[in-house]
Amino acid sequence: MRTSTRIASVLTGLTLALGGAALVAPTAHADVTACVNQVERELKGGEAPESVRAACYVGLAGAYDECVTGLTEDGVTKGTAASACRLASK
């Protein structure tokens with residue numbers, strides 16, 4: 001394989017890898033944001049405390065029950081906590 005062909009292949013692979021990472025990262029953030037927004041709607045305009053964001057990140061990691069528990073400990077109703085954690089886990 002010629003050097004120029006090898007370099008072109010490496011650059012193409014690198015571009016595809018970095019482009020894929022850029023497409024995946026905003027999606028993860030959007031799920032946490034949707035979870036926090038769901039809680040803030042229940043607070044009727046109030047800003048959710050940092051512990052809510054932390055619970056939503058736990059939900060994003062796949063720990064649905066821990067997410068719900070964390071949100072209900074912050075005073076969020078069980079129904080809102082359940083729907084917010086479902087949003088985080090998508």
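Visitor: How many helices and strands does the chain have?

Guide: The chain has 4 helices and 0 strands; here helices (H or I, at least four residues) and strands (E, at least two) are DSSP runs, numbered from the N terminus. Along the sequence the pattern reads α-α-α-α. This is a predicted model, in which local features need pLDDT of at least 70 and side-chain atom pairs count only at pLDDT 80 or more, while totals for chains, interfaces and linings use all residues. Residues are numbered from 1 along each chain as its sequence is written, and side-chain values use heavy atoms, with hydrogens and water left out.

Visitor: What share of the 90 residues is buried?

Guide: A residue is called buried under 20% relative accessible area, exposed over 50%, and partly exposed in between (1.4 Å probe, protein chains only). In this chain of 90 residues, buried residues make up 24%.

Visitor: Which residues have the most contacts inside the largest nonpolar core?

Guide: A nonpolar core is a set of buried Ala, Val, Leu, Ile, Met, Phe, Trp, Tyr and Cys residues joined through side-chain atoms within 4.5 Å. The largest one here has 16 residues, and those with the most contacts inside it are Cys35, Val36, Val39, Val52, Cys56 and Leu71. At least two residues of this core come from each of helix 1, helix 2 (50-60), helix 3 (64-73) and helix 4 (78-89).

Visitor: With which residues is cysteine 56 in contact, leaving aside its neighbours within four places in sequence?

Guide: Contact means heavy atoms within 4.5 Å. With those neighbours left aside, cysteine 56 is in contact with Val32, Cys35, Val36, Cys67 and Ala88. Cysteine 56 may also be compared in position with arginine 86: the two are 30 residues apart in sequence and 9.5 Å apart in space, C-alpha to C-alpha. Arginine 86 belongs to helix 4 and counts as partly exposed, because its relative accessibility is 45%.

Visitor: Which residues are buried in helix 3?

Guide: Cys67, Val68, Gly70 and Leu71 are buried there. Their arc of only 165° around the axis puts them on the same side of helix 3. The face turned away from this buried side carries the exposed residues Asp65, Glu66 and Glu73. Just after helix 3, glycine 75 has a positive phi of about 95°.

Visitor: At what angle do helix 2 and helix 3 pack?

Guide: Two packed helices are described by the angle between their axes and the distance between the axes. Axes are lines fitted to C-alpha atoms, for helices over the stretch in contact, and angles run from 0 to 180 degrees between N-to-C directions. For helix 2 and helix 3 the angle is about 170°, with the axes 7 Å apart. The two helices are therefore roughly antiparallel (angles under 35 degrees count as roughly parallel, over 145 as roughly antiparallel, 65 to 115 as roughly perpendicular and the rest as oblique). Helix 2 contributes Val52, Ala55, Cys56, Val58 and Gly59 to the contact, and helix 3 contributes Glu66, Cys67, Gly70 and Leu71.

Visitor: Where is aspartate 31 found, and what does aspartate 31 touch?

Guide: Aspartate 31 is found in helix 1 (residues 3-42). This residue is buried, because its relative accessible area is 13%. Not counting residues up to four places away in sequence, aspartate 31 touches Leu60, Leu87, Ala88 and Lys90.

Methods:
The arc is that of the directions from the helix axis to the C-beta atoms.
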